[in-house]
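Please keep the sequence and the structure in view while reading.

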Amino acid sequence: PSSNTLYSLSLRNRLLSHHHFTTTSISSCVNDNNIMTSSASKTDKATTTMEFMVDSEENAIDDDDDVDEEQLLQDDEETTITTIDDLYPKGLPDSNSIIQHSTIPPSGFDQSQISSLFTPEDIARLKLSPDNVTAPVALMLLWPEQFGSQTKARKECRRRKILVHRGPLMEVPEEGGGKKLTFDRKRLALVKVIDRVKPGDTLAIQTRMTHNYSECKNHNKSAPFHLPIIYQDDHIAIVNKPEGFVVFSHKHGGFGRENVYSCLPWVLEPPKAGVVSVLRRPSPVHRIDRGTSGLLVVAKTKPAMVELGEAFKERRVKKTYTAIVNGDIKEPKETSISSDEAKKLGVCIGNEREKTSWQLIEHALEEQSAVTIWRPLRQWPLENARNNTVSLVELKPKTGRYHQLRRHMAWVRECPLLGDKSYDGGGLAKTLRDEGFYLCSNKVTLEHPFYHTQTPAGKKEWDLNKGKITREMESLDGKSHITEEEDGTILIHCEIDLPAKFGKVEVVTPSDKIK
């Protein structure tokens, strides 16, 4: 079978096994403000109510039903499987799903409500009346908390997230008798900013709940290169970027498919059915130099992308690098700091029982503050190195300036990274460039972009499944685990082994002294 077929089978199996959406019967009903889905399994599970929010809380999904997957496998042939289309009406285009809607009352809007939001001049200019308003104004009147201004409402219209259904919803018969309301696609259209709506019209909010991971594979038979996965769930992934590959390929960069962004759809699992605001394809949220290997954080959903972007911007992501530098690196007393002082600077020191001293580098780059915390791990002799010595060092950047670690080691400590042709100064150092430079991002600690948030869905999913989630996950390429801190923060911890080339620089013998 083709790679696309294999992927489709994988996605289908994941969809069918997703316990939030596997039921024996589904009956959907609509009201003025949300879509409600009631489900009952053979064990008479409690009614499930789902209420979806958009924009900043677009990833929120509240599901009370927790179905035992093993029990479902034992159910008889009467059990039916529910797909995502059964739960959420299709939007425009079909890849979108309607997650919230509201119908304008038959008598129109209340004039006092209109007057409370708009000045008499605006009412006259926009020609607003209880039975005739613009679509952005209707959004403000129907969902005042979500659309607090015309700017916000117009923006959502331009983003093609708002639909209008002209006239009453359509009645269709249900199995077992009765009728339900649904959207008549012939009367459903994307809203334009200039559109006007009247009593009886229904406005709907849609979002993408699918992806095109498989579409990314259609023109290629295999992944461009091996990309190990260290951690992944429905919202975030952390991969081990090999040395020699760029994260993104520029239009004229000449790397083609040989970049992490192109490889991700091949190696990552798509989010399960029901996860809202899935990115069309997973995307890295930061960069690592082409010559650097190690941990790279990837977002799978738009809310995760926003949360992770803010975490990197606010320096809340704690990264650790290990490097081999060329020379007998010194530890000046005047730049020595304690573990407690290092923690106060915001770097992740870990739960060390022994008090360890660290070195502080505060050296601006391009007139911007640049701070690095580091310590030596060991040293050993190497021919052609400075003083015939190389040093293994641990580095923890507080800031993330261009080539910060490489330049701080070379310019401040006068011990450039081994093999770093950009900063090693030439001379005998040229003989040590064959394997590239030695720098690996081997540890990272960060807040989970979904579980740590205050959204009810994230907290609820964590509370229900934290026993399973917190189990340490081992893999061939690294290890990861999740912890809940005393303040309730949910942290992801990932660590990998150093690349094999680190051990090939020189065999360290017992006679080598750790300094």
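In helix H8, the buried residues are Val260, Ser262, Cys263, Leu264, Pro265 and Trp266. The model is predicted. Six of the eight residues of H8 (residues 260-267) are buried, so this helix is largely enclosed by the rest of the structure. Its N-terminal end is capped by asparagine 259. There, a side-chain oxygen lies 3.2 Å from the backbone nitrogen of tyrosine 261.

Helix H11 (residues 404-412) is also mostly covered. Seven of its nine residues are buried. They are Gln404, Leu405, Arg406, Arg407, His408, Met409 and Ala410. What lies over them? The cover of these buried residues includes the strands S15, S17, S18, S19 and S20. Just after H11, glutamate 414 adopts a positive phi of about 55°.

| Helix | Residues | Buried residues |
|---|---|---|
| H8 | 260-267 | six of eight |
| H11 | 404-412 | seven of nine |

Next comes a helix pair. Helix H6 (residues 135-142) packs against helix H7 (residues 150-158) at an angle of about 115°. Their axes are 9 Å apart. Is the crossing of H6 and H7 left-handed or right-handed? It is right-handed. H6 brings Pro136, Val137, Leu139 and Met140 to the contact, where they meet Gln150, Ala153, Arg154 and Cys157 of H7. By class, this contact has six nonpolar residues, one polar and one charged.

The sheet is open and has four strands. Their order is S3-S10-S5-S8, and the pairing is antiparallel. Strand S3 (96-103) and strand S8 (188-190) are the edges, each pairing on one side only. From one strand to the next, the twist averages 30°.

How is S3 joined to strand S10 (residues 202-208), and by how many bridges? Seven bridges link these antiparallel strands. Serine 102 stands opposite leucine 203 in S10. H6 returns here: this helix packs on the sheet and touches S3, strand S5 (162-165) and S10. The direction of H6 makes about 90° with that of S10.

One is H7, met through residues including Val137 and Met140. The other is the sheet, touched at S3, S5 and S10.

Key
Residues numbered from 1 in each chain as written. Predicted model: local features only at pLDDT ≥ 70, side-chain atom pairs only at ≥ 80, totals over all residues. Heavy atoms only, no water. Buried < 20%, exposed > 50% of the residue type's maximum accessible area, 1.4 Å probe, protein only. Helix = DSSP H or I, 4+ residues; strand = E, 2+ residues; numbered from the N terminus. Contact = heavy atoms within 4.5 Å. Polar contact = N/O pair within 3.5 Å; in protein donor to acceptor, adjacent residues only side chain to side chain. Axes fitted to C-alpha atoms, helices over the stretch in contact; angles between N-to-C directions. Left-handed = near helix turned anticlockwise from the far one by under 90°. Nonpolar A, V, L, I, M, F, W, Y, C, P; charged D, E, K, R; others polar. Pairing = 2+ DSSP bridges.
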